[in-house]
Amino acid sequence: MLYFPEKLVVVTVATTETDGFRRFLRSAKHFNYTVKVLGRGEKWRGGDYMSTPGGGQKVRLLKEALDQMETEDTIILFIDSYDVVLASGPKELLRKFHQAGHKVVFSSESLIWPDRHLEDKHPHVREGNRFLGAGGFMGYLPNIKDMVSDWTGEDHDSDQLYFTKIYINPEKRKSINITVDSKCRLFQNLHGALDEVVLKFEEGRVRARNVLYDTLPVVIHGNGPTKLQVNYLGNYIPNSWTFETGCTVCHEDLVNFNVRLMVGIFIQQPTPFVSVFFERLLKLKYPKNRLQLFIYNQEVHHEDQVRTFLQDHGHLYQDVKSIGSEDDMDAVSSHKNCDYFFNLDIEVVLKNEDTLKILIEQNLPVVAPMITRPGRLWSNFWGALSADGFYARSEDYVDIVQGRRVGVWNVPYVSSVYLIKADLLRSELSDYQLFQSNTLDADMAFCHNIRNKAIFMYVTNLHTFGRILSTENYQTNHLHNDLWQIFENPADWQDRYIHENYTRIMKDKLIETPCPDVYWFPVFTDVACNHIVQEMEHFGQWSGGNNKDSRIQGGYENVPTIDIHMNQVNYEKEWHKFLLDYIAPITEKMYPGYYTKAHFDLAFVVRYKPDEQPSLRPHHDASTFTINIALNQVGLDYQGGGCRFLRYDCSIQAPRKGWALMHPGRLTHYHEGLPTTAGVRYIAVSFVDP
């Protein structure tokens, strides 16, 4: 016997078009279901389901709609839509319906609701769930008409209780010919069954499989408190993401326009690399005359950086508002003049300059670019929530974070950086103190409130966007505190302080040999050189250049310089890490067979001035090899200077700022510091492996 899809009509109630409703329609369209939507534009009076019974409005609307239908062999599938995904097509659904051998088939549940006293009146089943679920049923038009004909309840009355009382009445159950889909062949209600349902990846499509009954249900319903679980399944079912195709919906409904956008920047704790943050903000590829800036700074330590940025660049933007910890956060209500609000926490390292364009194109209510923490599984989204609303790891979380699954994912929590449609802030979310809660932090409160309004949040890892800084152990007692971040934020430290050509040294043969066994290569950026010099001058306790020196073992310096040791500014651990990570690999390449752990007794910054100490007499260094890094620019900052190796009568007279000279310390490389004739010259010296 053949079952024709055109005889099947899917009927659902949707008073408003939610994100969940659009997802349902997309799955229905994929399988060519005919869908009739009831209640559009009506005010919902059927309760919220989560706390009290309700849903009577659905029965009323269904009863009214069925009165307009005449064809007796029409089969009606009546289902919820906000929390439902269809996993297969009409042909399979009709086949399974007919195999059930009844005129009306209800979804089944393992839990009885709303009246537990009716449990004993439910007929027993040979295997599976006994209890009826009103969120989905299927049957012939005359039988369903008969079933709803006695409805006289209020819109807020319980549809579940109404249908349950029909089902447990033996006469009505027999006359209407009702059964429940006890083994979830047609319908899968997730409440009470989360451990039974897994994703089943097939060729080019994805199903939900009930492992308890080994069935592949067609209608997947996130009833009760299982909305997040159906959101997770909906990231895949029916074919949103498959192993063969990757993401199939990521490029649907894309838009391309320059909207008015407010960037909200939040500074809530001392944070490294704030100057770099503002440099990256300037580089975002988006018309600045369409951008408004809102800066909320709670941290006094960063006031100068904010002020400098606004003085230098604030005029480029359509509008700028900056408030401090004493001001009223209600100022953020100025989102009334924009189309999108882009939340950007100061610790976000946004390296993708096209981020705004990419996120706007997705045309989603809330979407976050995925950012991670290097070397860890941390990211700015959660794949699942625990029962008490905190972090839980979803089955696909690690694959998404590590890029093995790439797409746009419906998730329960995003933080740190995200784009939100401003009309949501003006409508559904306008009555909320969005970021406030008695028990939750600001990000959790924000996401909790958004979930309560059934608004979907997404994270995209279609592109690489950046990372997030660690703010742990960030000290603010130095002039340039970012210099101390080589352990906590090594990637950002490298971006800021290591020469852009350093990583190409070997591949592009950038190491020069100005004298025998003397190697010259780029290592520091101009910023690194400036920060080290400024840090030392800020500290200010330069040695007197005398032979007596209590800072060193034995208290006597044979060849003294005017200097400050790294340990005087608490920088010896960081300097050792720098030598180990950036100097040792070069040493081992240039001096084959020699391996170093970059130990040093002395590492210091030397200052040469014509009227102080202009030069240094010939000497050996107390090292296996020495590193000498020029910290400022000859011709610009000083005249003269350089280094001469006497054995080879070879001089380097124009040291390049940020470049390191590496040479053996003892025996062969007797050397002197040439006179500085004007200005001030600074070098960073390390005696390695003494």
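# Salt bridges, helices and domains

At 32% relative accessibility, K227 counts as partly exposed, a class that lies between buried (under 20% relative accessible area) and exposed (over 50%), as found with a 1.4 Å probe on protein chains only. The model is a predicted one, in which local features need pLDDT of at least 70 and side-chain atom pairs count only at pLDDT 80 or more, while totals for chains, interfaces and linings use all residues. Residues are numbered from 1 along each chain as its sequence is written, and side-chain values use heavy atoms, with hydrogens and water left out.

## Salt bridges

The side chain of K227 meets that of D83 in a salt bridge, with 2.6 Å from N to O. D83 sits in the loop between β3 (75-79) and β4 (84-86), whereas K227 belongs to helix α7 (residues 227-234), so this pair ties together parts that are 144 residues apart in sequence. Here a salt bridge is a side-chain nitrogen of Lys or Arg within 4 Å of a carboxyl oxygen of Asp or Glu, and the structure holds 36 of them. Helices (H or I, at least four residues) and strands (E, at least two) are DSSP runs, numbered from the N terminus.

Another salt bridge joins the side chains of R504 and D508, at 2.6 Å from N to O. R607 and E612 form one as well, with their closest N and O atoms 2.7 Å apart. The table sets out how accessible the residues of these pairs are.

| Residue | Relative accessibility and class |
|---|---|
| D83 | 9%, buried |
| K227 | 32%, partly exposed |
| R504 | 32%, partly exposed |
| D508 | 32%, partly exposed |
| R607 | 10%, buried |
| E612 | 32%, partly exposed |

Elsewhere, salt bridges that share partners join R280, K351, R467, D492 and D495 into one network.

Helix α15 (residues 526-539) has 14 residues and reaches 20 Å from its first C-alpha to its last, close to the 20 Å expected at 1.5 Å a residue, where the expected span is 1.5 Å times one less than the number of residues. Its buried residues are A528, C529, H531, I532, V533, E535 and M536. An α-helix has 3.6 residues a turn, so residues three or four places apart point the same way. After α15 comes G540, whose phi is positive, near 80 degrees.

In helix α3 (residues 90-100), the buried residues are P90, E92, L93, L94, K96 and F97. These residues pack against strands, namely β1 (8-13), β3, β5 (104-109), β6 (131-140) and β10 (205-210). Just after α3, G101 takes a positive phi of about 75 degrees.

Six of the eight residues of helix α10 (residues 355-362) are buried, so this helix is largely enclosed by the rest of the structure. The buried residues of α10 are T355, L356, I358, L359, I360 and Q362, and just after the helix N363 takes a positive phi of about 55 degrees.

The chain is divided into domain 1 (5-239), domain 2 (261-468) and domain 3 (481-688), with bounds that come from an automatic or database domain assignment. The C-alpha centres of domain 1 and domain 2 lie 38 Å apart, and nine residues of domain 1 are in contact with 14 residues of domain 2. The area buried between these two domains is about 960 Å², of which carbon and sulfur atoms give 53%; buried area is the accessible area (1.4 Å probe) that two parts lose on being put together, summed over both. Across the interface of domain 1 and domain 2 the rule finds zero salt bridges.

The UniProt record, in an unreviewed entry, places the feature "domain: Fe2OG dioxygenase" at residues 599-690; UniProt positions are given in the numbering used here, feature names are shortened, and annotations may be inferred rather than shown by experiment. The end C-alpha atoms of residues 599-690 lie 8 Å apart, and the span is 0% helix and 53% strand.

H124 is found in the loop between β5 and β6, and at 66% relative accessibility H124 counts as exposed. The C-alpha atoms of H124 and I683 are separated by 87 Å, with the two residues 559 residues apart along the chain.

Note on methods:
Contact = heavy atoms within 4.5 Å.
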